[in-house]
Amino acid sequence: MNLHTFFQLLWQDYVALTPQAEKIHALFAADNDVVVNDHVAFRTFNRSAIDLESLEPHFLTLGYRRFEPYLFEQKKLSAWGYVHRDPMMPRIFLSELLVEQLSPTAQAIIDKMCRQIDTARVASQDVFWAGRLWDMPSWDEYQTLLAESEYAAWVAAIGMRTNHFTISVDHLRTPTTLAGVVDRVEAAGFAINTAGGKIKGSPAQLLEQASTLAERMSVTFGDGSRHDIPTCYYEFAKRYPSNNRDLYQGFVAASADKIFESTNVNTLGVAAGS
């Protein structure tokens, strides 16, 4: 599979869960010849078969290389950023939940799901749009995970899918600032994640980021109950030149920490037990 097909299939799966992304993309495509994707992000558990080490070879095969590691202690996550030899290709951000830092009860729920994984499925690149590789958890199991980690609950219910795509503000003809992008998205009726402020980061940090709040979708849980849960969101990034005059390639951990909250249930106003 070539790289363009890989991202095309990712996008098709992503917009099926995130219809707002297709509308927002069209909003900027109307005024720009091309809308460049800055990066995509994936979430997983640090359990064998789907941990970072197991998924990484897919990106290396596609021509990516490791760039920088990241650690989010409060959210119990670690991550790697990846860059491609072609600077026009999107960066990749792959994070994993450090499951052993959750309670024994939460670990048991996650391990029960991971025991169902078909390792042959993980060996194929389509694992990134495969969805859940396990049965849907019960609503009680989802709530147990949610109480400890929004990230854990999201992966348990959504599975292996693109968490977000990102519009590169640097490649837009208009608007040319992240503030201008946020204004246009809000004017079109889409809510912005305000955790840590609408715009995370600064020119001094060489990266500014913003994102929408995740879409919500009604799903059927393992016990047959139906509930609305957050799915995916759209991000916007503006990068600044570093000392070597090239655009900064990494991520700012403090900003990414707040971007993670774009899928928080409470941020979306979903009451526990709804």
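Tutor: Two strands pair if DSSP finds at least two bridges between them, and strands (E, at least two residues) and helices (H or I, at least four) are DSSP runs numbered from the N terminus. The model is predicted, so local features need pLDDT of at least 70 and side-chain atom pairs 80 or more, while totals for chains, interfaces and linings use all residues. Residues are numbered from 1 along each chain, and side-chain values use heavy atoms, without hydrogens or water.

Student: What is the strand order of the open sheet?

Tutor: Its eight strands run β2-β3-β4-β1-β5-β10-β7-β6, with mixed pairing.

Student: What makes β2 and β6 edge strands?

Tutor: Strands β2 (64-72) and β6 (200-202) each pair on one side only.

Student: How do you know that β7 and β10 pair?

Tutor: Five antiparallel bridges join β7 (residues 207-211) to β10 (residues 233-239); the definition asks for at least two, therefore the strands count as paired. Glu208 stands opposite Lys238 in β10.

Student: Which strands does helix α2 touch?

Tutor: Helix α2 (residues 19-29) packs on the sheet and touches β5 and β10, where contact means heavy atoms within 4.5 Å. Its direction makes about 40° with that of β10; angles run from 0 to 180 degrees between N-to-C directions, with axes fitted to C-alpha atoms, for helices over the stretch in contact.

Student: Why is Val219 called buried?

Tutor: The relative accessible area of Val219 is 15%. Buried means under 20%, exposed over 50%, and partly exposed in between (1.4 Å probe, protein chains only), so Val219 is classed as buried. Val219 sits in strand β8 (residues 216-220) and touches Met136, Ser225, Arg226, His227 and Ile229, leaving aside residues up to four places away in sequence.

Student: Which residues of the lining lie nearest the centre of the largest pocket?

Tutor: They are Val35, Val36, Asn37, Pro90 and Phe165, out of 16 lining residues. A pocket is an open set of points on a 1 Å grid over the protein atoms alone, where a 1.4 Å probe fits, with protein on both sides within 12 Å along at least five of seven lines; lining residues have an atom within 4 Å of a point. Helix α1 gives the largest share of this lining, four residues.
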